[in-house]
Amino acid sequence: MILLTRIHLLLIPFLLLGADSAWAEKRTWTMTNGRRALAELTFAEGSFIFLRFGPLERRFELNEFSQVDREYVRKWVGKERCAACNLPLTTRIKKTANKTYHLSCFHCLACGKSFKGGDRFILGQWGNLVHSQHQSQTFQCGSCRRFFPRRGASTKQQFSDGRVVCRVCLQDAVFDKETLSELHAELSAMMKDKGIASPEGKVEFKLVSKRELNNQAKRIHVGGNLKGLTVSRFRKESSKGETTVTFSHIIYVLFGMPKAELRSVISHELMHVWLNERGVEGPADVIEGFCNLGSDHVLRQDPSRLAVHLMENMKTDKSPVYGTGYRKMIARLKQIGWARMLNEMQARGKKF
Ligand SMILES: [Zn+2]
Ligand SMILES: [Zn+2]
Ligand SMILES: [Zn+2]
Ligand SMILES: [Zn+2]
């Protein structure tokens, strides 16, 4: 299962979509394979950069670009940044006690007014700013946790089970089984790369509402704020002294999650399937931490900004099971690698 992380009031930099981008700088990027494109740098982290082409944003490896481009990124990273959008500051800025913003970023997303001295405001995870007294006029996206104004939110953004999503996440949200099976195939292959064998038993997926997911969870006595749930069954048959065990699994996932999040949830659940077929039991932090290694592996290769954000949430998650468990297991994984990690987990398995 996946437990939703609480809202962290730390700043995860993100571009304010649709914001007036006086500081945006379109330039021509040249890749080492000779491809060229006009784009704007929106984010850089480690060896990755994000470029925006019109409404589209993609992740690239920095070393795929020319020397001139790499130098540009190096300078860009060194610039002073806006606390709201994390883009380099220009001349029109607003300073508060300890942070600096673009003038065009320094306004409440609910009422649209610029903040004045003495105003109390909240800085959200994606750099969204809102008056404290106007927080009730905003929704928070259940997937990326971005705040957005209630006014103007379409009915499509408000699901029947009470969840809400922002426009960005809705664009990429999955409601159909075909996409789900495509993702399943893609993720199974990615997990095989790390030695996680395909399940022996049949895996069935169900796209469900929050209500139904919670009901299913209650039946097997788990709780929490879930996004996915794996229910595994096994059947033992003995004939002529030989015992065979057959498995079947149902993976419940919430409908309407954007692909990056759904990938992360499915891979977490597929790790549960792997553990369940081996009869592995253990402390919750070991089990859930291990399953989050599946999410980690998949999110690392996902080229979307949401994936970076979800990774960051996992790294800073305060839950002793999902957060601490993940940090413990990823540290162990770095030490011993996948092959030994899988052996260690398998050794915890019991006979059926
Ligand atoms: Zn889990
Ligand atoms: Zn800004
Ligand atoms: Zn306001
Ligand atoms: Zn969102």
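Two strands are taken as paired if DSSP finds at least two bridges between them, and helices (H or I, at least four residues) and strands (E, at least two) are DSSP runs numbered from the N terminus. In the hairpin of strand 1 and strand 2, five residues lie between the strands, and Gly34 takes a positive phi near 95°.

The structure is a predicted model, in which local features need pLDDT of at least 70, side-chain atom pairs count only at pLDDT 80 or more, and totals for chains, interfaces and linings use all residues. Residues are numbered from 1 along each chain as its sequence is written, while chains are lettered from A and ligands numbered from 1 in the order in which they are written. The mean pLDDT (the predictor's confidence in each residue, from 0 to 100) is 88 for the protein, and 93% of the residues score at least 70. Over residues 1–22 pLDDT stays under 50; for this stretch the model has 55 contacts beyond four places in sequence, a contact being two residues whose C-beta atoms, placed from the backbone, lie within 7 Å.

Four strands form an open sheet in the order 1-2-3-4, with antiparallel pairing. Strand 1 (26–30) and strand 4 (56–61) are the edge strands, each pairing on one side only. On average, and with direction ignored, neighbouring strands of this sheet are turned by 55° against each other; axes are lines fitted to C-alpha atoms, for helices over the stretch in contact, and angles run from 0 to 180 degrees between N-to-C directions. Five bridges join strand 1 to strand 2 (residues 36–45) in the antiparallel sense. Opposite Thr28 stands Leu38 in strand 2, and opposite Trp29 stands Ala37 in strand 2. Helix 1 (residues 67–78) lies across strand 1, strand 2 and strand 3 (48–53), and runs at about 40° to strand 2.

The axes of helix 5 (residues 259–277) and helix 7 (residues 305–316) come within 8 Å and cross at roughly 45°. The two helices are therefore oblique to each other, since angles under 35 degrees count as roughly parallel, over 145 as roughly antiparallel, 65 to 115 as roughly perpendicular and the rest as oblique. In this contact, Ala260, Glu261 and Ser264 of helix 5 meet Leu306, Ala307 and Leu310 of helix 7.

Glu344 is located in helix 8 (residues 323–347). Glu344 and Phe65 are 279 residues apart in sequence, and their C-alpha atoms are 41 Å apart in space.
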